[in-house]
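Reader: Please show me the chain. I would like to go through its fold step by step.

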Amino acid sequence: MKQGNGCLKLLAALIAFALVLGAGVWLAGDYLKSRFLAPDPVTVASASLQGLREQNRLSTFAARYVAVVTSKQSRMGLSAQKTLIMPGAVRYEVDLAKLRQQDLQWDAANKRLTVTLPPVEVVGPDIDMGAIREYDSGGLLMRFTDVEGQLDDANRKAGQTELIRQAREAAPMRLARDATRRAVEHSFALPLKAAGLDADIAVRFADEPRGPGERWDESRRPEDVIANKW
């Protein structure tokens, strides 16, 4: 009987050891799977950020405007004026090279990635020289003085200023931001989706008001993300 009891105790000990070992292996396997196999959204987003920076500048919107300006000059009791109709196009761009790692904020609790972009810049205008039209009055003054050249210079400067003013109005700037926002959201959403990650992407601009609760997941520092440290 003693020998039988000893065998039972040994068998029970072996079963207990096997259960403990099995539990340890399962836990280790689960840890390794989550540690090395499960994609990390911050790492994926950081790779997307680097890809965007390499593009340097992003232009997703362009518009065409027409400036109508008039300049006048008076001399010796005579007056002259010229009206310039100047069409021109502008591009709306974002300097992606200015993006920094801290411009990404990952909210782990809500699975939300917030990307802060540099402000949209108005580039141009590119004047359509073939479509420029001019109308003048005051022929005598322009014929015998240098007034016409001065009126032309004044109109060209005023025309470019007017084109930029139109380009920076609220409506086109909003359209440019929306187009840029959609492009950048797409750039981050595709890699995350390909990695099997379901995350909301929010794109804002540095000159827009910052919403509450926008910060990095504090479990990992941005500099550790860059170095891919764990």
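Reader: In what order do the elements of the protein chain run from the N terminus on?

Author: This is a predicted model, where local features need pLDDT of at least 70, side-chain atom pairs count only at pLDDT 80 or more, and totals for chains, interfaces and linings use all residues. Residues are numbered from 1 along each chain as its sequence is written, and side-chain values use heavy atoms, with hydrogens and water left out. Helices (H or I, at least four residues) and strands (E, at least two) are DSSP runs, numbered from the N terminus. The chain has six helices and seven strands, in the order α-α-β-β-β-β-β-β-α-α-α-β-α.

Reader: What is the strand order of the open sheet of three strands?

Author: Two strands pair if DSSP finds at least two bridges between them. The edge strands are β3 (104-107) and β7 (200-205), each pairing on one side only. Pairing in this open sheet is mixed, and the order is β3-β4-β7.

Reader: How many bridges join β4 and β7?

Author: V115 has V203 in β7 as its bridge partner. T114 stands opposite A202 in β7. Strand β4 (residues 112-117) pairs with β7 in the parallel sense, and the number of bridges is six.

Reader: Is β7 largely enclosed or exposed?

Author: Buried means under 20% relative accessible area, exposed over 50%, and partly exposed in between (1.4 Å probe, protein chains only). Across the 230 residues of the protein chain, 33% are buried. In β7, five of the six residues are buried, so the strand is largely enclosed by the rest of the structure.

Reader: Which strands does helix α5 touch?

Author: Helix α5 covers residues 170-194 and packs on the sheet. Its direction makes about 145° with that of β7; axes are lines fitted to C-alpha atoms, for helices over the stretch in contact, and angles run from 0 to 180 degrees between N-to-C directions. With contact meaning heavy atoms within 4.5 Å, α5 touches β3, β4 and β7.

Reader: Are α2 and α5 parallel, antiparallel, perpendicular or oblique to each other?

Author: The two helices pack at an angle of about 135°, with their axes 9 Å apart. Angles under 35 degrees count as roughly parallel, over 145 as roughly antiparallel, 65 to 115 as roughly perpendicular and the rest as oblique. Therefore α2 and α5 are oblique.

Reader: Which residues of α5 meet α2?

Author: Helix α2 (residues 41-53) lies across β3 and β4. From α2 come P41, V44, A45, S48, L49 and L52. Their partners in α5 are V184, S187, F188, P191 and L192.
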